[in-house]
Amino acid sequence: MQLKYDFQLVNLTFGFHRKADLVLGPCDGIFCLVWSIGKDGIYGSTKEVPTIALWNPATRAFCILPMSIFDLPPYGQAH
């Protein structure tokens, strides 16, 4: 018995010039997409903040999260 599935390709650029560098999830059907900045990647030495968005593929809803108002220490350093 051979099963046949219909797949639909998904464009994960969401208007950016490239696909997300990191896709996390799902958690309750929601994916977290991260676009890093610079060539160093998401955990690079640059002080800029990556773009983070939430995506619900079931509803096709996409929302870019605003920058945090909290000053957090760089990744990997003690709090």
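A: Two residues are in contact here when their heavy atoms lie within 4.5 Å. The model is predicted, and its protein chain has a mean pLDDT of 77, with 73% of the residues at 70 or more.

The largest nonpolar core consists of five residues: A20, L33, W35, A53 and W55. Strand 2 (30-35) and strand 3 (51-56) are the elements that each give two or more residues to this core.

Apart from neighbours within four places in sequence, W55 is in contact with V10, L12, F14, G29, I30, F31, L33, R60, A61 and F62. One of these partners, L33, is also a member of the core.

I52, L54 and L65 make a nonpolar patch of about 200 Å². L65 sits in the segment after strand 4 (61-64). With a relative accessible area of 37%, L65 is partly exposed, because that class runs between 20% and 50%.

Charged side chains are the next topic. Side chains of opposite charge can pair when their charged atoms come close. The structure has one salt bridge, in which the side chains of R18 and D21 meet at 2.7 Å, N to O. R18 is partly exposed at 28% relative accessibility, and D21 is partly exposed at 40%.

One stretch calls for caution. Over residues 41-45 pLDDT stays under 50, and the model has seven contacts for them beyond four places in sequence. Where pLDDT is low, the predicted coordinates should not be read in detail.

Notes: Residues numbered from 1 in each chain as written. Predicted model: local features only at pLDDT ≥ 70, side-chain atom pairs only at ≥ 80, totals over all residues. Heavy atoms only, no water. Patch = residues over 30% accessible without salt bridge, like charges linked within 9 Å, V, L, I, M, F, W, Y side chains within 5 Å. Areas by Shrake-Rupley, 256 points an atom, 1.4 Å probe, with all protein chains shown as cover. Salt bridge = Lys/Arg side-chain N within 4 Å of Asp/Glu carboxyl O. Helix = DSSP H or I, 4+ residues; strand = E, 2+ residues; numbered from the N terminus. Buried < 20%, exposed > 50% of the residue type's maximum accessible area, 1.4 Å probe, protein only. pLDDT = per-residue confidence, 0-100. Core = buried A, V, L, I, M, F, W, Y, C linked by side-chain atoms within 4.5 Å.
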